[in-house]
Amino acid sequence: MSMVLKAAWGLLIILSVSSSWVGTTQIVKITYKNFYCPFFMTWFSTNWNIMFFPVYYSGHLATAQEKQSPMKKFRECSRIFGEDGLTLKLFLKRTAPFSILWTLTNYLYLLALKKLTATDVSALFCCNKAFVFLLSWIVLKDRFMGVRIVAAIMAITGIVMMAYADNFHADSIIGVAFAVGSASTSALYKVLFKMFLGSANFGEAAHFVSTLGFFNLIFISFTPVILYFTKVEHWSSFAALPWGCLCGMAGLWLAFNILVNVGVVLTYPILISIGTVLSVPGNAAVDLLKQEVIFNVVRLAATIIICIGFLLMLLPEEWDEITLRFINSLKEKKSEEHVDDITDSSVHLRSRSRANGTVSIPLA
């Protein structure tokens, strides 16, 4: 029953993760029609991360039998920074590099959406799984896996084909570079997180993401201000800002991050990754309806190759042993069925022989 419940939650999480990511990407494209300030949009949406821990604590109050005070829960979850919890030194030392990588990942993703379609950007971003493997293999000395090297090669092939799909047009190459840069910084974030902070439960992840939001609000707020006064990202008045689109984008981005972390607790982590890769056909469907993309053979092949490479990355480390055990079990089952067939035929032969007054002894 627990497995069935996990599978049901998994299906719901897959649909929610892919829908939230597709929604975020498409709202960004809509916002760009009248408002193009990618760094301000990144900064604004990252500030919403502050709400992650309050959302987690609300869930704790609703579901936990032994309820804890906000401060006690906050201190418990702050152990992700070390046994002493969150200190000012650790806040600056541990949060700063991750906050910069988080901002770069999202900013480059938004820049790519100006140059490419939502389908292309979401497909290229899936290459981050291949980059995570390569960095983990080099930096963390993770186990070498031939199938993941093949997947990494497929990802690189898909990147080149995506640039070729528009005959290496300047905007296309720049857009591909932005999307690949976003995937690379995302991979670096994940590898460094594993290296310095290890694995985190849901509460610790909520605490850490909220801390990133606070760091963004306190230390990165000067950047959009500078961009505004230097006319790099300028708008006429705050009333003219598309608040509906901005809040919709930030809300869906926050929902995506929450769903990814909730999904790991409620269901199987592999399903979260499947939900992410399903954003590619989801964005493709929306782009086709909006008539914003024409799928030529090269673009379609590149998208499929990248997605297959992403799925190959999801194979467990012992996938070869599992496959061999599965094949052997099928062979054993087939041989048992063959023995049963021989036994049944010999019994049938004996019965016929007895009916004719003779006894037949089958050969071994």
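**Reading a helical model, feature by feature**

Modeller: The protein has 16 helices and zero strands; here helices are DSSP runs of H or I with at least four residues, strands are runs of E with at least two, and numbering starts at the N terminus. This is a predicted model, where local features need pLDDT of at least 70 and side-chain atom pairs count only at pLDDT 80 or more, while totals for chains, interfaces and linings use all residues. Residues are numbered from 1 along each chain as its sequence is written, and side-chain values use heavy atoms, with hydrogens and water left out.

Colleague: How many of the residues count as buried?

Modeller: Buried means under 20% relative accessible area, exposed means over 50%, and partly exposed is in between, using a 1.4 Å probe and protein chains only. Of the 364 residues here, 45% count as buried.

Colleague: Okay, take S273: buried or exposed?

Modeller: S273 is buried, since its relative accessible area is 12%. S273 sits in helix α13, residues 269-277. Contact means heavy atoms within 4.5 Å. Leaving out residues up to four places away in sequence, S273 touches K129, F310 and L314.

Colleague: And how do I read the packing of α13 with α14?

Modeller: Two packed helices are described by the angle between their axes and the distance between the axes. Axes are lines fitted to C-alpha atoms, for helices over the stretch in contact, and angles run from 0 to 180 degrees between N-to-C directions. For α13 and α14 (residues 279-289), the angle is about 25° and the axes are 4 Å apart.

Colleague: Why are α13 and α14 called roughly parallel?

Modeller: Because angles under 35 degrees count as roughly parallel; over 145 is roughly antiparallel, 65 to 115 roughly perpendicular, and the rest oblique. So α13 and α14 come out as roughly parallel to each other. Where they meet, G275, T276 and V277 of α13 face S279, V280 and P281 of α14.

Colleague: Which residues form the nonpolar patch on the surface?

Modeller: A patch takes residues with over 30% relative accessible area and no salt bridge, joining like charges within 9 Å and nonpolar side chains (Val, Leu, Ile, Met, Phe, Trp, Tyr) within 5 Å. A salt bridge is a side-chain nitrogen of Lys or Arg within 4 Å of a carboxyl oxygen of Asp or Glu. Here the patch is L88, L92, F214, L217, I218 and F219, with about 580 Å² of accessible area together. Helices α5 (88-115) and α10 (202-219) each give two or more residues, and α10 gives the most, with four.

Terms used: Accessible areas come from the Shrake-Rupley method with a 1.4 Å probe; for residues, only the protein chains shown count as cover.
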